[in-house]
Amino acid sequence: MKLLLKLTLPFEDPVLIFGLILLIILVAPIILNRLKIPGLIGIILAGVIVGPNGFNLLERDASIILLSTVGLLYIMFLAGLEIDMIDFKKNKNRSLVFGALTFLIPITTGTIVFYFVMGYEILPAVLLSSMFSSHTLIAYPIASRLGISKNEAVTITIGGTIITDTAVLLVLAVVAGSAKGNLDYMYWVKLAVSLSIFTFIVMYVFPYIARWFFRHIEGEKGAQFIFVLVMVFVAAFLAELAGVEAIIGAFLAGLALNTLIPHTSALMNRIEFVGNNVFIPFFLINVGMIVDLSVLFRGPEALIIAGTIVVVAIITKFLAAWATQKIFNYTGLQRNLIFGLSSAHAAATLAVILVGFNLGIINEDALNGTIVLILVTCLVSSFVTEKTGKRLAIIESRKKPNLSEKPDRILVPIANPQNIEKLIDLSIMLKNPEYHEPIYPLAVVIDNEHAEEEIFRKNKMLQEAITHASATDHDVQLVSKIDINIASGILRAIKELMITEVILGWNAKITTRDRIFGTVLDNLLENTEQMILVSKIVQPLNTTKRILVIVPLNVELERGYLRWLRSVKTLSVQLGAKLVFKGRRRTLNKIRQTLSTTKPAVEAEFEPLSDFKELEDMRTQLRKEDMIVVISARKRTLSYNSHLDHVPRLLSRHYKDNSFIILYPEQNPTQNFERGYTSIGYGSEAKEQQGI
């Protein structure tokens with residue numbers, strides 16, 4: 001008897017309901033992918049089948065609506081979080097143009113059709129047409145999965161989404177106010193003031209709070225994830241208080257936290273995993289449960305209205321994408337990608353139509369037509385984005401890489417267990433994201449009678465590196481070496497594993513005048529050509545605001561110039577931190593030229609620095625959130641001068657509160673100093689240069 005009660009339709013047992021939804025999330029994408037159909041469509045269609053308008057297995061109750069709302073907010077939050085802020089700022093005018101086009105073309109065309117052709121009154125005509133302008137980034141997870149989320153077409157579409165959805169929701173507020181007779185001067189004043197206060201709180205206060213939290217709760221990864229969710233929903237609630245939809249708040253929260261959550265971090269991996277596998281599928285299922293296909297068979301009028309709504313919505317969104325392509329000279333694939341991402345109607349569209357229906361402005365036929373619009377446009381959006389995105393991803397992958405972008409094989413010798421997480425985090429952020437080489441944590445054991453016990457102890461210590469890296473979804477390959485000394489073990493690992501970069505932790509000690517950091521590092525500098533980084537991470541990496549890069553004269557002439565510059569750029573992009581280069585003007589001009597011709601774009605400033613002695617005076621200009629990167633050099637190389645040997649002492653003594661990295665570029669340590677200068681035409685004058 002109890003079993004029969006549990007199986008009555010719609011299901012009421014919470015365990016059965018949740019189990020069925022998880023089964024849909026698991027099975028639907030697998031089946032549809034085998035049929036070459038985007039998995040998103042499978043989840044939406046599954047929602048149609050199990051929903052109240054299908055087999056009525058599930059009721060669209062408060063719990064479904066709650067989790068669906070979370071999923072929608074998650075989509076908008078991820079869109080703001082994953083956007084390239086440098087490109088977003090650079091292309092803000094293009095986003096504004098696309099936002100204006102994708103709002104004005106649909107609403108103007110729709111108003112003409114409904115007012116002059118369909119015979120609607122002006123308020124219903126404007127309200128119905130405004131829903132054509134809004135769109136939901138339902139296919140954004142596809143672009144993110146294909147690795148094209150940083151393409152300019154995606155960037156301007158995301159920016160345009162906020163502009164057009166905000167405009168549509170303002171139209172909705174105006175129409176609703178007009179219908180109620182509340183549209184007066186004070187209405188506009190209250191709206192302007194509330195929006196200004198809301199934007200200030202989210203974009204300026206939230207980052208300050210988040211930076212403080214991440215700095216003081218650095219080790220509590222679970223607490224950081226919950227904190228981020230709190231920020232998202234507080235922002236969404238503040239948006240509603242300000243008089244706009246919650247999705248605007250979620251997106252702005254993503255922008256506010258963008259630079260504080262590195263894209264390769266464990267926190268980002270947790271955010272994406274939970275969103276893409278739990279909350280966003282709930283939203284897609286809810287969209288499917290809204291759809292009622294039976295409305296198409298209720299008579300010719302319902303069919304005509306539904307057909308008109310679908311055709312006008314799709315054509316006008318394509319026209320907006322086409323106009324954007326022509327104005328900015330985008331490719332056909334980029335145009336189709338813009339159209340695919342901006343053609344789905346769900347969240348704001350549903351809000352508009354339900355408010356209009358409840359106010360009596362829109363009739364039931366228009367409401368049913370909108371439901372059909374949601375299904376059709378979600379299918380079109382998913383198909384177009386999947387097909388176009390794959391082709392665009394293939395084209396971008398075929399671009400000839402720069403020689404400085406060869407696969408990174410990073411070795412991380414670890415002696416202090418307290419440094420494991422920081423060194424692994426730094427190596428992940430420095431690694432070229434285009435390649436999937438593992439990180440190599442290394443434990444070197446001195447060859448003596450205790451070697452076996454020491455290997456067991458150090459391997460157990462290195463398991464922490466695997467645990468931490470797995471949270472970021474990066475591969476780690478542990479390496480153990482038995483050798484006569486530490487330096488020899490590291491050198492052997494470099495040769496055997498074909499390592500390109502070595503990242504060492506700072507031991508906080510300066511030895512004799514002839515030994516900069518100690519025997520181990522000096523042996524590595526003398527016997528390797530690979531890039532070596534010595535790091536001291538004091539502040540959490542994700543709270544870094546600026547990276548000050550001190551460069552010596554002639555560093556642009558070294559063999560490893562492009563590689564170290566790419567590494568610094570990668571670190572800047574991952575941390576969302578501004579680069580400030582300090583050095584001689586000739587060197588800075590070369591770096592500026594290189595940055596302007598390579599991607600990704602970074603925010604950079606260039607400040608002259610005539611002598612390394614100015615480093616000591618610079619400390620008054622720095623904050624705790626600033627990181628210092630000094631590009632050093634091995635002896636007998638083009639960019640080496642004796643002042644570089646004093647930098648470690650200076651940093652250790654005067655910059656105790658700042659994180660810093662001393663980077664030795666890839667160089668040939670046996671290159672003759674005088675022959676090097678003469679061969680490039682500098683002669684004796686170059687040898688006499690002092691300072692940087």
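The structure is a predicted model, in which local features need pLDDT of at least 70 and side-chain atom pairs count only at pLDDT 80 or more, whereas totals for chains, interfaces and linings use all residues. Residues are numbered from 1 along each chain as its sequence is written, and side-chain values use heavy atoms, with hydrogens and water left out.

The chain has 692 residues, of which buried residues make up 55%. Its secondary structure comes to 27 helices and ten strands, where helices (H or I, at least four residues) and strands (E, at least two) are DSSP runs numbered from the N terminus. With contact taken as heavy atoms within 4.5 Å, residues 24 or more positions apart account for 81% of the contacts with a separation of 6 or more. The chain exposes about 30500 Å², and carbon and sulfur atoms supply 59% of this area; accessible areas come from the Shrake-Rupley method with a 1.4 Å probe, and for residues only the protein chains shown count as cover.

Strand β9, comprising residues 626-631, is largely enclosed by the rest of the structure, because six of its six residues are buried. Both of its faces are covered, with D626, I628 and V630 buried on one side and M627, V629 and I631 buried on the other. Strands are considered paired if DSSP finds at least two bridges between them, and β9 pairs in the parallel sense with strand β6 (residues 546-550) over five bridges. Within this pairing, V630 of β9 stands opposite I550. Strand β9 is also joined by four bridges to strand β10 (residues 660-664), the two running parallel, and I628 has F660 of β10 as its bridge partner. Between β9 and β10 the chain passes through helix α25 (residues 647-654), forming a right-handed β-α-β crossover, a handedness assigned when, with the strands pointing away from the viewer, the path from the first strand over the helix to the second runs clockwise.

When residues up to four places away in sequence are not counted, S572 touches I547, A577, L579 and V602.

Side chains of opposite charge can pair when their charged atoms come close. A search of the whole structure finds 14 salt bridges, each defined as a side-chain nitrogen of Lys or Arg within 4 Å of a carboxyl oxygen of Asp or Glu. One of them is formed by R559 and E529, whose closest N and O atoms are 2.8 Å apart. Because R559 lies in the loop between β6 and α22 and E529 in the loop between α21 (519-527) and β5 (531-536), this pair ties together parts that are 30 residues apart in sequence. R559 is partly exposed, with a relative accessible area of 48%, and E529, at 32% relative accessibility, likewise counts as partly exposed.

A further salt bridge joins the side chains of R586 and E556, at 3.8 Å from N to O. Here R586 belongs to helix α23 (residues 585-596) and E556 to the loop between β6 and α22, so the pair ties together parts that are 30 residues apart in sequence. R586 counts as partly exposed at 36% relative accessibility, whereas E556 is buried, with a relative accessible area of 11%.

R563 and E666 also form a salt bridge, with the closest N and O atoms 3.8 Å apart. This pair links distant parts of the chain, R563 being in helix α22 and E666 in the loop between β10 and α26 (673-679), 103 residues apart. R563 counts as buried at 3% relative accessibility, and E666 counts as buried at 16%. Salt bridges that share partners join E501, E529, R559, R563 and E666 into one network.

Helix α6 (residues 92-117) supplies the largest share of the nonpolar patch, four residues. F116 is placed in helix α6 and is exposed, with a relative accessible area of 61%.

Key:
Buried means under 20% relative accessible area, exposed over 50%, partly exposed in between (1.4 Å probe, protein chains only).
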